[in-house]
Amino acid sequence: MVRMRAARKGDLASLLALMEKYYAYDRHRFDPAEAKKAMRRLLDNRGLGAVIVVTDKAPVGYLVLAFGYSLEFHGRDAFVDEFFLLEKYRGKGVGRAALKYAERIAEKRGIKALHLEVTRHNSRVINFYRREGFVDHDRYLMTRLIRPH
């Protein structure tokens, strides 16, 4: 039976294994040491966000909420920073259940809006998010990395 729960520090190794699969799927560069440091920091500081583990006896996916603040949305907001399910669990309502779980966490934390990004070529996932109530604002997500000098 598939369930959702808050991640614990003991989930770190499983989360890193899932992250590596997600990064390969979405064609991101995966640096195990940096990923471990970032995930550990998030697990240690619940003010930064929330990590949800999707389990079916063992972890089969995860969803990360990163907390922020938005004047446009009149208060605290959250970004679905990463969301990954093993392929076997896709298209079966598990993703929908994980999003609902994340929404309940967001509500309890006073979050006013959830944001996410999705690659433009992934029409299946775009349609999934639209069915779940996410709206495309016809904006580009743009990023500039800040590196120490």
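**Figure 1. The open sheet of the predicted model.** Five strands, in the order β1-β2-β3-β4-β5, make up an open sheet with mixed pairing; strands pair if DSSP finds at least two bridges between them. At the edges lie β1 (3-6) and β5 (113-116), each of which pairs on one side only. From one strand to the next the twist averages 30 degrees. Strands (E, at least two residues) and helices (H or I, at least four) are DSSP runs, numbered from the N terminus. The model is predicted: local features need pLDDT of at least 70, and side-chain atom pairs count only at pLDDT 80 or more, while totals for chains, interfaces and linings use all residues. Residues are numbered from 1 along each chain as its sequence is written, and side-chain values use heavy atoms, leaving out hydrogens and water.

**Figure 2. Pairing of β2 with β3.** Strand β3 (residues 58-70) pairs with β2 in the antiparallel sense over eight bridges. The bridge partner of I52 is L63 in β3.

Figure 3. H115 is found in strand β5. Leaving aside residues up to four places away in sequence, H115 touches F73, D77, A78, F79 and V80; contact means heavy atoms within 4.5 Å. The C-alpha atoms of H115 and L65 are separated by 9.3 Å, and the two residues are 50 apart along the chain.

**Figure 4. Packing of α1 against α2.** Helix α1 (residues 12-25) packs on helix α2 (residues 32-44) at an angle of about 130 degrees, and their axes are 10 Å apart. Axes are lines fitted to C-alpha atoms, for helices over the stretch in contact, and angles run from 0 to 180 degrees between N-to-C directions. The two helices α1 and α2 are therefore oblique to each other (under 35 degrees counts as roughly parallel, over 145 as roughly antiparallel, 65 to 115 as roughly perpendicular and the rest as oblique). On the α1 side, L12, L15, L16 and M19 meet A35, K36, M39, R40 and L43 of α2. The residues of this contact of α1 with α2 comprise seven nonpolar, no polar and two charged (Ala, Val, Leu, Ile, Met, Phe, Trp, Tyr, Cys and Pro count as nonpolar, Asp, Glu, Lys and Arg as charged, and the others, Gly among them, as polar).

**Figure 5. Packing of α3 against α4.** Helix α3 (residues 94-108) and α4 pack at an angle of about 50 degrees, with axes 11 Å apart. That angle makes α3 oblique to α4. Residues G95, R96 and L99 in α3 meet F128, Y129 and R131 in α4. By class, three residues of the contact of α3 with α4 are nonpolar, one is polar and two are charged.

**Figure 6. Confidence along the chain.** The chain has a mean pLDDT (the predictor's confidence in each residue, from 0 to 100) of 94, and 99% of its residues reach 70 or more. Confidence is lowest in helix α4 (residues 123-131), with a mean of 92, and highest in strand β2 (residues 49-56), at 98.
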